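Trainee: I have a new model open on my screen. Could we walk through it together?

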Amino acid sequence: MTFAKTLTKVIGAATLLAGVVALSNLTARAEEEQPNPTRQQWTFAGAFGKYDKAQLQRGFKIYKEVCSNCHELHIPIRTLAQPGGPELSVDEVKALAASYTVKDGPNSSGEMFDRPGRPSDYFPAPFANPEAAAAALGSAPPDMSLLAKARKYERGFPAFVFDALPVPGGMYQELGPDYIYAILHGYEKDEDPNWNAYFPGHKIAMAKPLTDGQVDYTDGTPATLDQYAKDVASFLYWAAEPTLEDRKSLGVKVMIFLLVLSCLMYFTKRTIWSDVAH
Ligand code: HEC
C-alpha cells in the first residue's frame, strides 16, 4: 500500500519535472526565433511613476513630424493641454488645431467642406480609410491611440508571476513601450529594409521610420535614434493612458490608508482583549 503510494508520488513528481523541462525548452526555442524586447527605464513605471512633460512634448514632435504621415492617432487635439500630459498651453493647442484641415458638414446645401481644426477635433487621419493606407503602404499602419497598451509579448514562467507582484523589478506594465522602442531599433539587416528583429515573423511593411538627427530638438536633448525612440514610446504610452498619474497617486493613497487602518484595528483589538487572561 505505502509502496504503491510512494511510487505514484515519484511518478507524479517525475512527470511534473519532465513537463517543466519541456516547457522551458519550448520558451528557449521561441526566444531564439523571436527575441523579447529588452526592458527600458521609464519615468512612468512603478507605484510612483510620473510622465516627464518635456519628454512627452518631444515625443509629440516626433509623432507629428514622422509617424503621423502614416499612422492615425485617434484622440482629441485638446487632450495635449490636459494636466498630467504634455501640457501645452491653451493658445498652443488652438494654434496647433488650426494648423490642421478638418472635413466637416454637410452644410445647408448638403455638401461636405473643409475648415481649420478646433481643439475639440480629433487628429485627422493620414488616409481616408485603412484600405487606402494598405494600398499605399502594403499593409495598414495600426492606429496609435492604444498601441502602447495593446502590444504585449510572452514573458514566460516565472517572469510573468513576478511582473504582477510588488517586489524589486516587479509591477512590470511597460511591455508596450518596450516593444515600440525595440521595433524602432530592430532594423538589423541592411540588405532587407523590411526585416525587423522584434516584429512577429520579422517581415514588417514599415521601413525604418527614424534615424539619428532626423528630428530637431530645441531643448538640448541629444537628437539620436535612441532618444527619439524613448520619447515617442513615452508619448504613445501617455496617449493610451492619459490618466496614469491620477491612478497611481490614488493607489498610493489607498495603500497608506489601509496601512493606517490596519494599525488602528490592531490597537483596538489589543484594548478590547486586554483584560482577558491568556
Ligand atoms: C511610411 C509610413 C510609416 C511611417 C512614417 C511610420 N510607420 Fe509605423 N507602420 C507603418 C506600417 C505600414 C505598419 C504596419 C506594418 C505591418 O503590419 O507589417 C507600421 C507598424 C508599426 C508598428 C508595429 C505595430 C504592430 O502592429 O505591432 C509600430 C510599433 C510602429 N509602426 C511605430 C511607428 C512609429 C513610432 C513611427 C514614427 C516614429 C512610425 N511607426 C512611422 C507605416 C509607417
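This is a predicted model: local features need pLDDT of at least 70, side-chain atom pairs count only at pLDDT 80 or more; totals for chains, interfaces and linings use all residues.

Trainee: Where does Pro158 lie?

Mentor: Residues are numbered from 1 along each chain as its sequence is written, and side-chain values use heavy atoms, with hydrogens and water left out. The peptide bond from Phe157 to Pro158 is cis, with omega near 5°. Taking helices as DSSP runs of H or I with at least four residues and strands as E runs of at least two, numbered from the N terminus, Pro158 lies in the loop between α5 (147-150) and α6 (159-162).

Trainee: Which residues coordinate the iron atom of the ligand?

Mentor: Donors are N, O and S atoms within 2.8 Å of the metal (3.2 Å for Na, K and Ca); water is not among the atoms, so sites may look incomplete. At 2.0 to 2.1 Å, the iron atom is coordinated by NE2 of His71 and SD of Met206.

Trainee: Why does the pair tie together parts that are 135 residues apart in sequence?

Mentor: Met206 is in the loop between α7 (175-185) and α8 (225-240), so the pair joins parts 135 residues apart in sequence, as His71 lies in the loop between α2 (53-65) and α3 (90-98).
That makes the separation asked about 135 residues.

Trainee: In which loop is Glu87 found?

Mentor: Glu87 is not a glycine, although its phi is positive, at about 50°. Glu87 is found in the loop between α2 and α3.
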